[in-house]
Amino acid sequence: MDQEVGKEMITLHCKLTFEDEKDRQTLIGLMRKFSSCYRYAFNRLLEGHTRENLKKQLQKVFNLNSRYCGDAVLKAQSLISACKERGKNPKKVVFDGRRLFEKLQKGHINGKERQKLKQKWKERRKRLLYSRGDKTKKGNLNTRIEFEKDKLIMRINAGDRKWMKAKVKRTVIRESDKWINFVANLLQANQTGEYFPYSVEIRRINNNFYAFISYEEKLLQKP
């Protein structure tokens with residue numbers, strides 16, 4: 001029997017598509033709200049606010065559920081920690097588009113070109129949704145991957161007890177693709193009730209939606 005010798009963090013990505021345009025627009029609105037919440041949490045943490053007090057404040061300001069607000073704070077804390085570990089000042093962070101921001105600072109860009117760059121930079125700042133994994137919530141509470149008629153879908157919490165469903169698309173081109181293991185683990189979890197946590201970050205890239213899924217995989221060694 002193979003022996004577990006450790007774990008490694010795996011991140012996979014897939015494309016999300018919607019049959020209902022209304023769901024697509026709802027997700028865009030949710031991502032804008034979460035992105036603003038994330039940046040707000042980041043700035044408040046730099047001012048010394050505590051996580052619990054901040055989470056309650058975020059719920060009132062952005063009208064997001066407790067889990068989304070907690071995840072925004074968690075992601076903001078992670079970014080601050082990463083900056084400090086690299087010896088960088090967190091206060092100098094530019095969210096989602098430093099190159100575009102630097103272009104906008106150049107005085108020679110004017111007129112329509114400047115407006116186009118400004119709009120693109122604003123959109124990049126509003127294209128994120130993150131939900132941490134939770135073993136007790138079937139792997140993930142707000143952005144859960146489920147099987148529906150032998151197909152994978154992502155069930156996304158839109159708030160107010162409403163949910164969106166997006167089709168999960170991922171092409172497997174080789175037998176060693178980690179996606180195969182991930183789907184097999186999901187199937188096993190559904191059959192046994194022994195779920196594993198996986199975090200999901202949804203990003204909007206060139207007007208398409210992609211989910212980046214992170215989870216721990218056991219490292220096994222043959223005896």
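Local features are reported here only where pLDDT is at least 70 and side-chain atom pairs only at pLDDT 80 or more, while totals for chains, interfaces and linings use all residues. Residues are numbered from 1 along each chain as its sequence is written, and side-chain values use heavy atoms, with hydrogens and water left out. The protein chain contains 6 helices and 9 strands, where helices (H or I, at least four residues) and strands (E, at least two) are DSSP runs numbered from the N terminus.

**Confidence**

- The average pLDDT of the protein chain is 87, and 82% of the residues score at least 70, pLDDT being the predictor's confidence in each residue on a scale from 0 to 100.
- Confidence is highest in strand S4 (residues 139-140), at 98, and lowest in helix H4 (residues 98-104), where the mean is 52.
- Where pLDDT is low, the predicted coordinates should not be read in detail.

- Of the 223 residues in the protein chain, 37% are buried, a label for relative accessible area under 20%, with exposed meaning over 50% and partly exposed the range in between (1.4 Å probe, protein chains only).
- The protein chain exposes about 14,200 Å², of which carbon and sulfur atoms supply 45%; accessible areas come from the Shrake-Rupley method with a 1.4 Å probe, and for residues only the protein chains shown count as cover.
- Among contacts (heavy atoms within 4.5 Å) in the protein chain between residues at least 6 apart in sequence, 66% join residues at least 24 apart.

- Helix H1 (residues 21-46) has 26 residues and spans 38 Å from its first C-alpha to its last, close to the 38 Å expected at 1.5 Å a residue, the expected span being 1.5 Å times one less than the number of residues.
- The N-terminal end of H1 is capped by Asp 20, which has a side-chain oxygen 2.8 Å from the backbone nitrogen of Lys 22, and just after H1 Gly 48 takes a positive phi of about 105°.
- Helix H3 (residues 66-85), with 20 residues, reaches 29 Å from its first C-alpha to its last, close to the 28 Å expected at 1.5 Å a residue.
- At the N-terminal end of H3 the cap is Asn 65, with a side-chain oxygen 3.1 Å from the backbone nitrogen of Arg 67, and just after H3 Gly 87 takes a positive phi of about 75°.
- Buried residues in H3 include Tyr 68, Cys 69, Ala 72, Ile 80 and Cys 83, and for Cys 83 the relative accessibility is 8%.

**Cysteines and the surroundings of Cys 37**

- The structure holds 0 disulfides, a disulfide being a pair of cysteine sulfur atoms within 2.5 Å.
- For Cys 37, the closest cysteine sulfur is that of Cys 69, and because the two sulfurs are 4.5 Å apart, they are too far for a bond.
- Cys 37 lies in helix H1 and counts as buried because its relative accessibility is 0%.
- Leaving aside its neighbours within four places in sequence, Cys 37 is in contact with Leu 58, Phe 62, Leu 64 and Ala 72, and its C-alpha is separated by 9.1 Å from that of Tyr 68, 31 residues apart along the chain.

**Positive phi in loops**

- Asn 63, in the loop between helix H2 (51-62) and H3, has a positive phi of about 55° although it is not a glycine, and this residue is exposed, with a relative accessible area of 58%.
- Asp 150, another residue other than glycine, has a positive phi near 65°; the residue sits in the loop between strand S5 (143-148) and strand S6 (151-159) and counts as exposed at 81% relative accessibility.

- Arg 204, in strand S8 (residues 199-205), counts as buried at 17% relative accessibility, and its side chain is joined to that of Asn 207 by a polar contact of 2.6 Å.
- A polar contact is a pair of N or O atoms within 3.5 Å; within protein, one must be able to donate a hydrogen and the other to accept it, and residues adjacent in sequence count only if both atoms are side-chain atoms.
- Glu 217, found in strand S9 (residues 208-221), is buried with a relative accessible area of 11%, and its side chain makes a polar contact of 2.7 Å with the side chain of Lys 178.
- Leaving aside neighbours within four places in sequence, Glu 217 is in contact with Gly 6, Lys 7, Glu 8, Ile 10, Lys 178 and Asn 181.
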